[in-house]
Amino acid sequence: MHSPELLKGTLQTIVLKVLKDHGKMYGYEITQRVKELSSGHILLTEGALYPALHKLEADGLLNTEVVSIGKRIRKYYTLTSPGKVQAKERVAEFVDFIQTMGSVLQVKLN
Amino acid sequence: MAELTKDHIDYIIKDLHYRGIVLEGFEDEIIDHVCAGVEEAMGSGKKFIDAYEATLRSFGNTDGLLETQKKVIQVRTKTTSMFKNYFLLALRNHIRNKFYTTINVAGLAVGIASCIVIMLFVKHELGYDNFNDKADRIYRVNTALHFGSVQKRLALGGAQLNDLFRQNYPEIESTARLWDWGPRYVRRPEHNERVQEKMVWADSTLFAVFTLPLVEGDARTALKEPNTIAISQTMAAKYFPEGNAVGKSLLIDDNVNHRVTAVFKDLPENSHFHFDMFRSIVELPESKNMSLIGGGWMNIYLLLREGADPQQLEAKFPAFIEKYVGPQLADALQGDFNMEKFKSQGNSWSYWLTPLRDIHLHSDLEGEFEANGNITYVYLFSAIALFILIVACINFMNLSTARSASRAREVGIRKVMGSLRTHLVRQFLTESFVLTFISFVLALAIVWLSLPVFNGLALKTLSVPFDQPSFYLALVAAIVTVGFLAGLYPSFFLASFKPVNVLKGKLALGTKSGIVRSSLVVFQFVISIFLIVGTIAIQKQLHYVQHKKIGFQKDQVIIVHRAGFLKNHIQAFKDELLQNTSITAGTITGYLPVTGTWRNANTYWPEGKIPTHEDVKDMVSMEGWFVDNDYVKTLGMTIKQGRDFSREFPSDSTEAIVLNESAVEKFELGPNPLGKKLSSFTANRPDGSPDPNSIKSWTVIGVVEDFHFANMRENIAPLALFLQRSDGYVAFRFKSKSTQAVLDKIETLWKKLAPENAFEYSFLDEDYGKMYDTEKRLASIFAVFAGLAIVIACLGLFALAAFTAEQRTKEIGIRKTLGASVNSIVFLLSREYGKLVLIAFALSTPVAWYGVQWWIQGYSYRATIGLSVYMLAGGIALVIALLTIGYQCVRAAMMNPAKSLRSE
């Protein structure tokens, strides 16, 4: 498990990237997907995920779609076109950041 | 993966609610998330309740959940797309409450539609003559004269003014005269059929003063020469369908050929005159060599130079009158006339100016071209429009605040979660705007559909100006205003709830707390009752004037028009028809006691009084009507004293007059007027002033009972009947049941005697009714809008009552189980609203009384609008209100208490 402190700045990037790769997803699905990808090392807490989703939606990076399934209502998120651009930029920015961190911390990244 | 059962999901929803997850758009999402988590946990073999606990733990239990909700709220509050959010919320709220939304939208839409219609009407009325480019510099000259008991306010001036003004006042750029001689017969010289057209004599400067775009011809030269004529596009198409009207001829009154020199675009509807033809006044002998006090009274328009001050010009008129009018008066009156004496006897002569744009709404003088509008009605209708809109807005406010109880919890949670008061105000305002917007769209549709009906009522041709950008601007402005008006109070009211109280469930605010709400309902009904009183009062006055004893019998009289066409067959026409047993009497005359027929006012005085300045007070302006022997009999008038004209006295036709009672009084002839004599001039000098050598006297042989021959706004004027031929109409009194047969007979004979002219007729009672068309229009418009106001007010009341009943379901259930009867519960529920209507009645009566008194002062003959009218109006309002809420009350009272108590 990684420390939530480390995750804090990358949450939006993760959400954007996951959505970019998988298209339409709902909140729970995103947590599960991230858990799977990180082999359980990264657990998105709901308390962080939902505010982030709403923030991204408000910023116009995400679209939502509401589907009624039985008694429940499921809200799907997709990237808008500015969202797609952002996803790309943020990932690139993050790779850049890791490389910089590599030099700062004097560790070799493969 | 295990599917959750319905019960499980219900459990989760309830539990999350209980834990305080209520945020729109967030709540559903969390429920789904939790469900998905639980499903997965159950998939790995856990029991439901354990799976649920585990999922919640991953959120951080209740605290974590609420923290997340709070964060989401904060995210939302901070971001720019809040508006979209508000908007969505508003929409959802409206959809969720279909009943109240429908009532709100319906009421508001009808209110706005009424308002738009009236505003279109007002705009139309205010825009009269604005199409003239120089409208702000054009003024009409009016004359007021007070001379003995002759008192006149004219929209006219003597023909000579035209030249004298131009010579004396350099600030006048141009003048234009219009002289209306009534409709004239027109035909092409090569055709036989002739038609009456609206025609007027005009100066060639007409086109320089007024903005009348020409389609053909040259504005500078048109009408410069005698016997030329400018015609409207419609006329050009009618008489010259082959095109190119200019240069062709029209024969007027069968004798003068006029050359068409110009074709102008039809005058817009909002012009104070609508002539189809202007004929050149140049060389018209009647317009020349006239004195200022004699003949040739015409409408004179001045075009002032840029920057000229009309008030300064008006200030110069007294000196002008001294210089020009004075000598002419002295000449006419002879003796040692001077202006000082003239004035010291209370006489006066004055000129003043009316700005062109004020003519339609502010001018009601003798000699206007058309019946003008009235600024009072513009104000009145604007007020009504505003009232209706306010009534509709009040509905919105009342329903919003009344339903506040059901939304109080939402407000409380939002506040606890960090919503600021401004956020809530914004959200509720958005709701009000969404609703207003929908109402406006609906209102436009209503306006579009109902405008033809209104046009029919008001005799206008209004249209919705969909093509004008300013219209849309006005709409947007209106939406904003109405949205704020309707939404502001409820917004602040709702937003000001204290979360502590609300969440403790301390809020009974919804049902009671209603001082503001009650006052608003009272206000609605004050307006409604006022409008009902207005409607009844106008109806009563209308009924009064139409059924008052009018001094003649208007029923069963047929009037044959254009009798002049019978020429010398006219007597034979009458005599032959009188052979018919269904026709009991007939008379040949141009003068009938309905407006639109001939009139002939002149100045008379008791014989022996010489009409010099010394005795001018004895001069009386009196109508002199030329009638035949059978006039009084045919029209069913009553001779009060003396006798009617008779064939036994041949001298009647030269020496006798029959006066009405009003004339006897005016001339102060005393209780026995018979045998007394009145004098008057019978001829004018060439300049139009009366010829002192032409004085003639008549002996009073009878007095006819006063009869109404003008609108009852006016007093019955002095009138004398002369036994003399005037051939405007032939009127017949006929027996009932034979109307069609009589008509056929008359028409057959007409066709025999005047084959080339169409037969036109009317009935006296219908013509009499037409004199009150304005009142009838006012009455029906008033009735329609009063009806609308009541409907909207009741719509609101209906919803309010429904809400109260809903709120008190439990109370009613308990009362019923304790033995209350249905009646007592209906009474309990309706009592509150009944009280409000009664208060409204008490408040509106004085206002309505004042309004009615003010309106009816305008009539010389008034119906009595007694207390009963006000009681009736109050009664109507009360009954309608009780019927409206009655349905809801009865429904609530009939409910099975077992059911209502079990609910929740």
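Tutor: Strands pair if DSSP finds at least two bridges between them; strands (E, at least two residues) and helices (H or I, at least four) are DSSP runs, numbered from the N terminus. This is a predicted model, where local features need pLDDT of at least 70 and side-chain atom pairs pLDDT 80 or more, while totals for chains, interfaces and linings use all residues. Residues count from 1 along each chain as written, chains are lettered from A and ligands numbered from 1 in written order, and side-chain values use heavy atoms, without hydrogens or water.

Student: In what order do the three strands of the chain A sheet come?

Tutor: β1-β3-β2, an open sheet with antiparallel pairing. β1 (25-26) and β2 (62-69) of chain A each have a single partner strand, so one side of each lacks a neighbour in the sheet.

Student: How many bridges join β2(A) to β3 of chain A?

Tutor: Eight, with β3 covering residues 72-79. Across that pair, A:Glu65 sits opposite A:Tyr76 of β3(A). Helix α4 (residues 46-58) of chain A packs on the sheet, touching β2 and β3 of chain A, at about 55° to the direction of β3(A).

Student: And how do I read two packed helices?

Tutor: Use the angle between their axes and the distance between the axes. Axes are lines fitted to C-alpha atoms, for helices over the stretch in contact (heavy atoms within 4.5 Å); angles run from 0 to 180 degrees between N-to-C directions. In chain B, α19 (residues 515-547) and α29 (residues 867-894) pack at about 130°, axes 9 Å apart.

Student: Which residues of α19(B) make the contact?

Tutor: Among them are B:Phe525, B:Ile529 and B:Lys540, meeting α29(B) residues including B:Tyr870 and B:Gly874.
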